Amino acid sequence: MPVPTIYYLRHGETEWNALGRLQGTKDIPLNARGREQAMQAGGVLADLFKRDGRDKAALPYVSSPLGRARMTMELARGKLELPVADYALDDRLREIGYGVWEGLTLAESEAKDPEIYARRLADKWTVGPVGAETYADVQVRVRAWYDQLQTDTVAVAHGGTCRALMVSLGLETPASAAELYIEQGAVYVFREGRLEKFS
């Protein structure tokens, strides 16, 4: 079977993004800029589908269950003139859980847990705070999602899940992916063993 193409969108900005707070599994809504970014990503998708000769209505659409991803999906689908609620949810696409660090800035995380913070700085992929997931954990669940894809798919999720997918597909190393900024308002296209970003 040919490898599915994934049109991947990170959710738009939230107030916690703007403040540099770790969101993880907390359900923080999009801010005004984030709503604009979601519609922008919908426009980028429309251009890509036109260029690729794709029927936008024929593809499956799937989102992380977190509200910021769902709102991004619905705004993007509105921009595509598709029924806004006609998409699936998959919990395997949720953001990395930051445990006791959720809601904190990096500086606050360091002050709270200096030893774990230092260890995580040296190895972001396998070290996490109390009650958290590691990127290695996220990589396992994102790979399980990817392995069951039957066809080309539009996915809306998070920066952490995008990094985990990149590593799972051999496009980045754990060390390189951990430092990547995943842009909001853009579309990342995973296709034939390559990754391209469109914005």
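Just past the end of helix α2, look for Gly53: its phi is positive, at about 65°. Keep in mind that you're looking at a predicted model.

Now step back into the helix itself. α2 covers residues 32–52, which makes 21 residues. From its first C-alpha to its last it reaches 30 Å, close to the 30 Å expected at 1.5 Å a residue.

Which residues of α2 are buried? The list is Gly34, Gln37, Ala38, Ala41, Gly42, Gly43, Val44, Leu45, Leu48 and Phe49. And what covers them? The cover includes the strands β1 (6–10), β2 (61–63), β4 (153–157), β5 (187–191) and β6 (194–198), along with the helix α3 (67–79).

Next, hop over to another spot: Glu133, in the loop between α5 (114–122) and α6 (135–147). Is Glu133 buried or exposed? Its relative accessibility is 16%, so Glu133 counts as buried, given that buried means under 20%.

What does the side chain of Glu133 reach? It comes to 2.9 Å from the backbone nitrogen of Gly97. The side chain of Glu133 also makes a polar contact of 2.8 Å with the side chain of Arg141. Both partners turn up again among the residues Glu133 touches: leaving out residues up to four places away in sequence, these are Arg94, Glu95, Ile96, Gly97, Gly128, Val138 and Arg141.

Definitions and conventions: Residues numbered from 1 in each chain as written. Predicted model: local features only at pLDDT ≥ 70, side-chain atom pairs only at ≥ 80, totals over all residues. Heavy atoms only, no water. Helix = DSSP H or I, 4+ residues; strand = E, 2+ residues; numbered from the N terminus. Expected span 1.5 Å × (residues − 1). Buried < 20%, exposed > 50% of the residue type's maximum accessible area, 1.4 Å probe, protein only. Contact = heavy atoms within 4.5 Å. Polar contact = N/O pair within 3.5 Å; in protein donor to acceptor, adjacent residues only side chain to side chain.
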